[in-house]
Amino acid sequence: METNCIFCKIADGEIPTDFVYENDTIAAFRDINPTAPEHILVIPKKHIENLNELNDREIMADLLFGVKEVCKKLNITDYRTVINTGKGAGQEVFHIHFHIIAGRPLKWPPG
């Protein structure tokens, strides 16, 4: 756990959060600043800064499995999954997280 990482504190239970989904390696919860009616974050419980630092295949698989399980649980069939990697790409919290964005029409490019 990184001591100043908000997502580590959430995963560790230090910051009370209602998890949408959780298993031994990942947790999913609603984004505090949603960009759509459904905006859920899926994170590993282990601190990993971003996709470039993710070398554990089991955690990679669990993150994608978590996206699928969250969508199944919430009956979400149409959604966008986003991973921002690095400050220049919009990453604000430096603990890897997958965004699940749904509940409104999503256009490409985003906007």
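Start with the largest nonpolar core: select Val-42, Leu-63, Val-70 and Ile-100, which touch the most other members among its 18 residues. Keep in mind as you go that this is a predicted model. Now colour the elements that give two or more residues to this core: strand S1 (19-22), strand S2 (26-30), S3 and S5, and helix H2 (57-73). H2 gives the most, with 5 residues.

Zoom in on Val-70 next. Leaving out residues up to four places away in sequence, Val-70 touches Val-20, Tyr-21, Ala-28, Ile-40, Val-42 and Ile-100. Another core lies apart from this one: it has 9 residues, and you can find it by picking Phe-7, Cys-8, Ala-11 and Ile-43, which are among them.

Back to H2, this time as a whole helix. Which of its residues are buried? Select Ile-59, Asp-62, Leu-63, Gly-66, Val-67, Glu-69, Val-70 and Cys-71. Note that Asp-62 and Glu-69 are in that buried set. The buried residues of H2 pack against S1, S2, S3, S4 and S5.

Follow the chain past H2 into the loop between H2 and S4, and stop at Asn-75. Its phi is positive, about 55°, although Asn-75 is not a glycine. Is Asn-75 buried or exposed? Its relative accessibility is 68%, so it counts as exposed, the cut-off being over 50%.

Now jump to Gly-86, in the loop between S4 and S5. Draw a line from its C-alpha atom to that of Leu-74: the two residues are 12 apart along the chain, and the line comes out at 29 Å. Gly-86 has a relative accessibility of 17%, so it counts as buried, which requires under 20%. Setting aside neighbours within four places in sequence, Gly-86 is in contact with Asn-50, Gln-91 and Phe-94.

Take the first of those contacts as your next selection. Asn-50 sits in the loop between strand S3 (38-44) and H2. At a relative accessible area of 7%, Asn-50 is buried. Beyond residues up to four places away in sequence, Asn-50 touches Thr-85, Gly-86, Gln-91 and Ile-96.

To centre the view, select Asp-31, Asn-33, Thr-35, His-39 and His-99, which lie nearest the pocket's centre out of 28 lining residues. The elements giving two or more residues to the lining are helix H1 (6-11), S2, S3, strand S4 (79-82) and strand S5 (98-102). Which of them gives the most? That is H1, with 3 residues. Colour the lining by class and you get 12 nonpolar, 10 polar and 6 charged residues.

Last stop: go to the segment after S5 and pick Pro-109. Show the backbone there, and you'll see a cis peptide bond joining Trp-108 and Pro-109, with omega at about 0°.

Conventions
Residues numbered from 1 in each chain as written. Predicted model: local features only at pLDDT ≥ 70, side-chain atom pairs only at ≥ 80, totals over all residues. Heavy atoms only, no water. Helix = DSSP H or I, 4+ residues; strand = E, 2+ residues; numbered from the N terminus. Buried < 20%, exposed > 50% of the residue type's maximum accessible area, 1.4 Å probe, protein only. Contact = heavy atoms within 4.5 Å. 1 Å grid on protein atoms, 1.4 Å probe; cavity = no way out; pocket = protein on both sides within 12 Å on 5 of 7 lines; lining within 4 Å. Nonpolar A, V, L, I, M, F, W, Y, C, P; charged D, E, K, R; others polar. Core = buried A, V, L, I, M, F, W, Y, C linked by side-chain atoms within 4.5 Å.
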